[in-house]
Amino acid sequence: MTITATTPWVDDPFAEAVRTGRGPLWLRRADGHRLRLDVERWCAPATGADHSLLLRCTRLSAPVLDLGCGPGRLVAALLELGVPALGVDVTGAAVARTLGLGGPALCRSVFDRLPAEGRWGAALLADGNLGIGGDPLALLRRGAELIAADGLLLVEVEAAETDERAVVRVEGPDGRLGPPFPWARLGTRAALRRARAAGLAEAERWTSHGRRFLALRKA
């Protein structure tokens with residue numbers, strides 16, 4: 001399955017927010033409901049619950065792939081800890097910011113051809129990135145393709161038990177909207193259902209600073 005997600009993030013309010021490091025920014029559904037995006041946290045150094053992800057990565061003997069790396073805080077933090085890492089993001093501004101922090105990054109979709117497929121010690125889907133492409137099952141299958149036989153897919157899920165797919169647009173502080181694109185939000189139970197269908201099994205679940213995570217391995 002091929003999913004391209006390059007258009008919505010190239011020159012819209014998200015790219016502008018990443019360049020400046022400031023919001024506010026929202027995902028707006030067609031019905032008007034808005035979800036606040038935590039741009040300031042993404043553009044700041046890793047902190048809080050991020051460290052629970054970083055700790056698990058330091059236990060691995062292979063490099064880490066950050067899918068939807070955004071401004072690059074996790075890639076930069078991993079490198080500071082001596083863990084080789086690569087970021088992937090479709091937003092040029094996000095890739096540029098990651099490179100500016102000294103972290104390697106590629107401007108590609110997670111569904112594009114990527115280096116070392118099947119050999120990554122871990123792949124990260126943090127900060128709501130399980131929603132990429134609006135098809136979590138396809139994304140989890142892709143994650144399973146990327147990690148090594150003994151690798152882990154480390155996934156952040158929603159704090160609430162939700163299972164939502166919608167077409168959304170990024171809204172900036174001036175009300176300007178980016179183009180529509182599919183997105184998804186999954187809680188723990190819904191994510192585990194998709195994981196099993198993708199050939200993944202739960203290795204661990206944990207909560208840190210109000211954020212929830214799953215570690216998935218190949219079944």
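Analyst: On a 1 Å grid over the protein atoms alone, a cavity is a set of points where a 1.4 Å probe fits but cannot get out; lining residues have an atom within 4 Å of a point. The model is predicted: local features need pLDDT of at least 70, side-chain atom pairs count only at pLDDT 80 or more, and totals for chains, interfaces and linings use all residues. Residues are numbered from 1 along each chain as its sequence is written, and side-chain values use heavy atoms, without hydrogens and water.

User: What is the volume of the largest cavity?

Analyst: Grid points join across faces, edges and corners, and a volume is the space filled by probe spheres set on the points. Three cavities reach 30 Å³ or more. For the largest, the volume is about 100 Å³.

User: Which elements give two or more residues to the lining of the largest cavity?

Analyst: The lining consists of Leu27, Arg29, His33, Leu35, Glu164, Ala166, Val168, Trp183, Ala184 and Arg185. Elements are DSSP runs numbered from the N terminus: helices (H or I, at least four residues) and strands (E, at least two). Those giving two or more residues are β1 (26-29), β8 (163-171) and β9 (181-186).

User: How many residues of strand β7 are buried?

Analyst: Buried means under 20% relative accessible area, with a 1.4 Å probe and protein chains only. β7 spans residues 147-157 and is mostly covered. Of its eleven residues, the buried ones number nine.

User: In β11, which residue is the bridge partner of Leu154?

Analyst: Two strands pair if DSSP finds at least two bridges between them. β7 and β11 (residues 211-218) pair in the antiparallel sense over five bridges. Leu154 has as its partner Ala215.

Technical notes. 1 Å grid on protein atoms, 1.4 Å probe; cavity = no way out; pocket = protein on both sides within 12 Å on 5 of 7 lines; lining within 4 Å. Buried < 20%, exposed > 50% of the residue type's maximum accessible area, 1.4 Å probe, protein only.
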